[in-house]
Amino acid sequence: MDDEKEKIAGQYLRMQAKRLLFVGVLAVLIILLAVGSTIIGSAGLTVEEVFTAVLAGLLPDSFSADPLAFTIVWDLRLHRVLFAVVAGFGLAIAGAVMQGVLRNPLASPFTLGIASAATFGAAIAIIFVPTALSGEIALVVSAFMMSAFAAVAIYGLSRYRGVSAESMVLAGIILMYLFGAMTSFLQYAGTTEQLQAVVFWMFGSLQNTSWEKLAIVTLVVVVSTPLLVWRAWDLNALGMGDQVAQSLGVKVEQTRTVHMLVASLITASIICFTGTIGFIGLVSPHITRLAIGGDHRYLIVASGFVGALILLGADSLARTILAPQIIPVGIMTAFIGIPFFLYLFMRRKEEYW
Amino acid sequence: MNRFPLTVIVVFAVLCPIVLADAALPGDLDDNGVIAREELASSILGYLSQDTNISDAPISDLRDSAWVFVHWGGTARTVTDSSGKSLTLTRPLRRIIVMNSETLETMRSLGVTKERIVAVDKYIAQKPEFFPEYAGYPSVGSIWAPDYEKMLSLRPDALFLYASVSKAECDEIERRVTASRPDLTVFRIDCYRPETYLEDTARLAEIFGKEEEGARLAAFYAGALAKVDAAASSSAPPEVYFETWNDFKSVARGSGYHDKVTMAGGANIFRDNPAEYPEIDPEAVISRKPEVVIKLVGSSKYIFGGYSGENTTRFEDVRDTLLPRAGWSSLPAVRDGRVYVLHNAIMGGPQYLIGVTYMARWFHPDSAGDLDPESLHRTYLQEFQGLDPGLARADRFVFPVK
């Protein structure tokens with residue numbers, strides 16, 4: 001009996017070590033990649049120039065850098081690199097939470113219509129607010145409002161049938177098609193140029209990041225992540241089925257609603273700035289689950305790290321592969337994530353779904 | 001079996017009263033391919049004396065044969081369009097559909113008037129400032145969404161489409177229209193690219209018997225281009241960053257804008273990019289230190305100015321949003337005050353000449369004495385387009401004006 005206990009305890013500890021190792025390795029990779037992608041760029045700055053510029057920004061009293069290098073590093077590169085990390089993290093935890101709450105491996109901000117709603121919002125702004133100066137604000141606000149509306153609508157629709165996983169997925173799919181159709185319809189009202197802008201928005205891009213946008217997104221992610229992790233046990237319980245969760249004292253409907261709304265808020269606040277960056281919310285949790293298992297206490301944060309790594313890697317490639325040309329990052333995320341995912345998918349036999 | 005194309009053809013065939021234009025020369029009584037003075041005379045006499053023994057040609061045939069006699073020396077005319085297709089005309093064109101605004105603009109330069117045109121595309125009908133005579137004119141849709149029924153019901157005798165621009169769409173329109181109207185003459189003429197513009201003009205002049213007007217237009221272009229060339233070769237080309245109406249979307253070799261920048265004597269900093277319209281890393285602009293920056297407006301989120309003349313103060317606003325871009329204070333172009341905003345209306349089609357002249361003046365300020373783009377623009381509008389030369393006011397098309 002004691003043997004058995006020790007064996008299980010040993011297994012648990014090994015699992016624990018593996019999780020920590022996974023997160024640790026990811027953190028190191030993210031830092032290395034972030035440093036690397038701050039150094040590399042079309043301006044061809046040297047490593048020394050970049051480091052001096054970074055230090056000059058952090059400690060303006062003790063270091064001084066070439067003003068041009070300073071501008072390139074601080075006004076063009078750093079916020080973009082950090083935005084990739086934060087946005088990748090946010091999109092991935094939103095995906096992990098949605099998959100957990102809905103017990104559905106296909107759930108993601110995309111399959112649930114949040115992203116299509118944001119696209120619709122953006123299309124409205126692109127086509128009907130053709131002003132040069134206030135255009136971007138209108139676009140961000142409109143995209144955010146639409147995705148927030150979609151999140152509330154999913155909740156509202158599913159309430160009619162009790163807030164079950166199935167009803168939420170169905171409501172999400174209905175919304176996805178509805179917003180998709182409305183966007184297509186809107187495109188008939190636009191000019192060729194406006195259509196191009198809408199299509200471009202659908203690919204997603206980190207071209208327009210700024211320190212202000214980074215601050216907003218970071219705030220949202222920093223506030224909501226602890227909330228989601230704190231209630232991670234409830235997600236584990238939900239994974240056993242609604243009735244089991246209920247009998248364990250989990251307020252099923254409340255948990256599901258709160259988690260869905262928080263995840264949608266994170267997604268909306270990111271994609272309203274970047275356009276729809278697909279794939280990260282869907283695949284990061286799967287990669288993580290295959291590597292460290294399905295315990296949401298770890299899964300959520302670890303997925304976030306995977307997402308950050310994928311998005312940062314994708315954006316670094318998007319900036320450099322055809323430099324000085326920039327490719328929309330949404331195209332690169334799939335190229336980066338899929339080989340990784342395939343490898344784990346072919347290799348692992350354990351089932352977490 | 002796909003019955004759709006067949007159905008379409010049948011529907012069209014029923015809908016449109018079939019006009020089988022006579023392929024032979026009108027009034028060529030002996031069928032020798034030439035309308036001789038005597039043949040024309042007897043046709044006219046026959047008509048006037050109402051003696052059907054001499055000729056029973058209706059007045060429309062008579063009018064056509066007189067026109068052919070006067071303009072084409074009494075013979076059919078064979079012209080080659082820009083796609084290399086040879087077309088034989090036995091009558092003047094009187095019911096034309098034009099789906100390409102550049103060609104319509106050139107026709108106007110040649111003095112081809114509205115009376116010969118039965119319909120235009122929807123974009124022409126929507127430009128009342130530049131095409132006032134076609135405002136609210138019958139429209140046959142656009143090349144992306146053509147209204148075939150309307151086209152055929154107007155019983156056109158000729159259709160003008162692009163030759164190499166939007167080729168797939170225009171090929172499809174030609175294919176479908178000629179399937180139900182094999183006798184319809186379809187001209188494929190661009191009037192869009194600077195390098196072929198004068199050839200296209202000569203073709204149109206031939207089609208409409210407007211050779212004199214064509215020669216005058218060609219001389220106008222040659223004169224203006226010679227001045228641009230002189231300025232362009234007067235000093236080393238400055239490094240130019242050309243940005244389209246999408247932020248950080250530039251142009252490279254293979255695009256029309258690149259060619260025009262080069263023509264004006266500028267060196268496009270992204271000329272060697274493999275994509276024609278690359279989205280550029282902002283850093284790359286800074287590291288390539290352009291001496292002149294040109295921002296194109298007139299579409300997308302920059303709709304103002306141009307012939308409509310709306311909100312021309314926005315030109316300055318656009319320039320002011322460019323200057324504070326990250327790192328731009330270090331650009332020679334910004335330091336020297338050489339950041340320009342340019343409206344697309346004078347960069348595309350026949351009017352490229354005006355945009356290029358503005359650019360040449362910006363690129364080579366020391367030898368710009370001869371270049372007066374605003375007055376060139378006024379001349380073009382007044383003498384060739386028959387429009388109010390006041391429309392050419394520089395502040396509607398460029399910033400800064402001086």
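## Surface and charge of chain B

The accessible surface of chain B amounts to about 17,100 Å², and carbon and sulfur atoms hold 52% of it. Accessible areas come from the Shrake-Rupley method with a 1.4 Å probe, and for residues only the protein chains shown count as cover. Chain B carries 43 positive and 56 negative charges, whose mean positions are 4 Å apart. In this count Lys and Arg are positive and Asp and Glu negative, while His and the chain ends are not counted; each charge is placed at NZ of Lys, CZ of Arg, CG of Asp or CD of Glu.

## Basis of the values

This is a predicted model, in which local features need pLDDT of at least 70 and side-chain atom pairs count only at pLDDT 80 or more, whereas totals for chains, interfaces and linings use all residues. Residues are numbered from 1 along each chain as its sequence is written, chains are lettered from A and ligands numbered from 1 in the order in which they are written, and side-chain values use heavy atoms, with hydrogens and water left out.

## Fold of chain B

Chain B contains 15 helices and 11 strands. These elements are DSSP runs numbered from the N terminus: helices are H or I with at least four residues, and strands are E with at least two. The C-alpha trace of chain B spans about 85 × 55 × 35 Å along its principal axes.

Of the 402 residues in chain B, 52% are buried. Buried denotes under 20% relative accessible area, exposed over 50%, and partly exposed the range in between (1.4 Å probe, protein chains only). Among contacts in chain B with a separation of 6 or more, 65% involve residues 24 or more positions apart; a contact requires heavy atoms within 4.5 Å.

## Interface between chains A and B

The contact between the chains draws on 21 residues from chain A and 27 residues from chain B. The area buried between chain A and chain B is about 2,200 Å², with 59% given by carbon and sulfur atoms. Buried area here is the accessible area (1.4 Å probe) that two parts lose on being put together, summed over both.

Between chain A and chain B there are 2 salt bridges, the term meaning a side-chain nitrogen of Lys or Arg within 4 Å of a carboxyl oxygen of Asp or Glu. One of them joins Arg319(A) to Glu283(B), with the closest N and O atoms 3.9 Å apart.

## Salt bridges

Side chains of opposite charge can pair when their charged atoms come close. Over all chains, the count comes to 28 salt bridges. In chain A, Arg297(A) and Asp295(A) form one at 2.6 Å, N to O. Arg297(A) is partly exposed at 25% relative accessibility, and Asp295(A) is buried at 14%.

In chain B, Lys295(B) pairs with Glu243(B), the closest N and O atoms being 2.7 Å apart. Lys295(B) belongs to strand β9 (residues 292-297) and Glu243(B) to strand β7 (residues 239-243), so this pair ties together parts that are 52 residues apart in sequence. Both Lys295(B) and Glu243(B) are buried. Arg253(B) forms a salt bridge with Asp272(B), the closest N and O atoms being 2.9 Å apart. That pair links the loop between β7 and α10 (256-263), which holds Arg253(B), with the loop between β8 (267-268) and α11 (282-287), which holds Asp272(B), 19 residues apart. Arg253(B) is partly exposed at 47%, whereas Asp272(B) is exposed at 58%. A network of salt bridges also links Asp81(B), Lys85(B), Lys167(B), Asp171(B), Glu174(B) and Arg188(B).

## Individual residues

Thr201(B) is located in helix α8 (residues 194-208) of chain B. Thr201(B) counts as buried because its relative accessible area is 1%. Apart from neighbours within four places in sequence, Thr201(B) is in contact with Thr106(B), Leu110(B) and Leu217(B). Gly390(B) sits in the loop between α15 (373-385) and β11 (398-399) and is partly exposed at 29% relative accessibility. The C-alpha atoms of Gly390(B) and Arg314(B) are separated by 20 Å, the two residues being 76 residues apart along the chain.

In chain A, Phe51(A) lies within helix α2 (residues 47-58) and is partly exposed, with a relative accessible area of 42%. Beyond neighbours within four places in sequence, Phe51(A) is in contact with Val35(A) and Ile39(A). The C-alpha atoms of Phe51(A) and Ala87(A), 36 residues apart along the chain, are separated by 24 Å.
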